[in-house]
Every structure is written in C-alpha cells, then in structure tokens.
Amino acid sequence: MTSAQPEIDPRALRDAFGCFMTGVTVVTTLDAAGAPQGFTANSFSSVSLDPPLLLVSLANSSRNLDSFAKGAGFAVNILAEGQKDISATFARPSEDRFASVYWRKGPVGNPLIAGVSAWFDCTLEQAIAAGDHTILIGRVGGFDATPAAGLGYYRGAYVTPAQTLAAMPAGPDVVITAILEAEGKVLLQDDGRGELTLPMARAGRDGVQAALARLIAASGMQAQPGAVYSVYDDPGQGAQHIAFLCPTTPGKPRMGALVDLTRDGVADVTDPAARIMLERLADEAPTGRYGIYFGTHEHGRVQRSQEREEP
C-alpha cells in the first residue's frame, strides 16, 4: 500500500529553494526580428565539460519563452556585485530592458552585457519541458571570465560577499559568530562560565572566512558559510562582531545543543546583543525576509534588500 503524498505549499517550497545561495545571471538572446531579449535568472548550472554544456530554466509563463526555446541560442551573463540594478531591470516587466544597458554581440551572436563577472555564449542544444518551466541546455561556443566578484542571491535578498568582506577590518579585534540554523532551531553552546552563547571566535591573521570555517568545523554540524547577518561594535570589549547566518543540515552537534529559534527558546542567552540578534532572527525566519544589522551592541539599524521579482 502507498500513502498519499502530502500537499506541497508553493510559497514554502520557494523559500526552501531560496536557502541555496546562488549567483545572479541575465540570460539573453535575439528574437526572430533580431531584437535583444533577456531575463534575470539564478537557475543556472554547468552540465558538462566535454562537450561544453550548461543549463538555465525559464518560466513557461514568460512572454520570451518562444524566443529562447525555439531560437538558435542564448548567452548567460553572470552579473558582478555592482550590477544589482541590471538584475532588477531584467526581472521586471519592461518594453525595452536593453534601453539603459550597454551590450554587444558575442562570438555565437547573442547579446553580451558589459561589466559582467563572466559570460557564456551558446547555441541551443535542447529545450526540455519540465513542469511549469522549460530547461534550456546550451553548448558553449565562447566564454570569458574577469576578476570581478559575482553578485549573490540568498533567501530573497542580494548578497555581495567580496564588497562586504573588503569593508571589514581583520585582525585580533574582529569576533566572528556562526549562527547555525536548521529547521527552526539554532545551535547554542556553553561559554565556559556556565552561560549560553553562540559559537564565536576571534579572527586570526588568516582572516574572517578562515575563522568562520573553523567555527563550523568545530560544531560538528554540516553547514555552509552564509550571509552576513549582523555587524556591530562593542567599544567596551574593543571588538567588532560579525555574525554570519549559515544554512545547516539537521544533525547532532559536537558541542552544545540545538534549541528552538523562538524568543522563549533563546531567552537564556546571557549576552544582550546576541540575545536581541537571535530574537530578531526568530521574528524574521517565518517570513524569510532577512535584514543586516549595522551599529553597536546597543544601538543601530537593520538594512533590508528589496526582493527580486520573477521573470
């Protein structure tokens, strides 16, 4: 006997997909009349090196579907960190998305956008119907990569890791915090004085990312370095705190315990700044709309990114 499959909530499923941090691309082509067409997408992946293949997916509701699925090819433009405006332009309905964008034809003939982190110009290998989307498989006919850092996307907001890290001081006065969240729970540990705290450590000479990687490894949890969630100064300690929200697979931690990510669940965290940060996270988690806190351990502001519209 087989049991009926539970109904899937599309909004919840979309939020779950959004836990996978991706880059942001603009996919382009020329329509039958030779006019450029394009849309913003983070559903991009390499497929094969031999032959050189990649894929993107396009909603079947897109008015550009025929141009891409029945055309000769397409290009994938991986946007740089400073190109959030271009991402927004190609995500919103517009009569001419290319009006304010400099572009040229690539070696295969598809539109390439200036200033991107990398581009791939492809012939269309195959278009595959898949539910409410069509998967476009392209054969790479030309490509280029630049030193420009790519624009990221995570849980409905843009992330700019290189710009964020470039603005952060490094050294012994920087304290890194790992917020390891999994299925509505967060990892808390004993700070050695009988008090509950988040996993944290001072950054060494090898920098912020290395310190974060060590925290994750020491936790024993399967987690990925995530987006910056809070940056604040504590003049009394002579330190700057940088907290990262790290997507985590449920499991048994090596140290500490997973507690409910609710205001009551984190009430025993003794450091006021950390407790307030976790209370904010508890409030934001159900909506999936996260902000980044900037300020001190007592006062500051939360900066929120605008959500990107579907193409």
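## Exercises on strands, hairpins and a covered helix

In this predicted model, strand β11 (residues 152-154) is joined to β1 by 2 bridges, and the two strands run antiparallel.

**Exercise 1.** Find the bridge partner of G23 in β11, then work out the order of the strands in the open sheet that holds β1, β11 and β12.

*Solution.* 
Step 1. G23 has G152 as its bridge partner in β11.
Step 2. The open sheet has 3 strands in the order β1-β11-β12, with antiparallel pairing.
Step 3. Its edge strands are β1 (22-23) and β12 (157-159), each of which pairs on one side only.
Step 4. As background, strands of a sheet pair through backbone hydrogen bonds, either parallel or antiparallel.

**Exercise 2.** Which residues take a positive phi in the hairpins of β13 with β14 and of β14 with β15?

*Solution.* 
Step 1. The hairpin of β13 and β14 has 2 residues between the strands, and E183 takes a positive phi near 50 degrees.
Step 2. The hairpin of β14 and β15 has 5 residues between the strands, and G192 in the turn has a positive phi of about 95 degrees.

**Exercise 3.** Is T177 buried or exposed, and which residues does T177 touch?

*Solution.* 
Step 1. Locate T177 in strand β13 (residues 174-182).
Step 2. The relative accessible area of T177 is 2%. Buried means under 20%, so T177 is buried.
Step 3. Leaving out residues up to four places away in sequence, T177 touches L198, P199, M200, L212, L215, I242, A243 and F244.

**Exercise 4.** How many residues of helix α3 are buried, and which strands do the buried residues pack against?

*Solution.* 
Step 1. Helix α3 (residues 84-91) is mostly covered, with 6 of its 8 residues buried.
Step 2. The buried residues are I86, S87, A88, T89, F90 and A91.
Step 3. The buried residues of α3 pack against β2 (25-30), β3 (36-41), β8 (111-113) and β12.

Conventions:
Residues are numbered from 1 along each chain as its sequence is written. This is a predicted model: local features need pLDDT of at least 70, side-chain atom pairs count only at pLDDT 80 or more; totals for chains, interfaces and linings use all residues. Side-chain values use heavy atoms; hydrogens and water are left out. Two strands pair if DSSP finds at least two bridges between them. Helices (H or I, at least four residues) and strands (E, at least two) are DSSP runs, numbered from the N terminus. Buried means under 20% relative accessible area, exposed over 50%, partly exposed in between (1.4 Å probe, protein chains only). Contact means heavy atoms within 4.5 Å.
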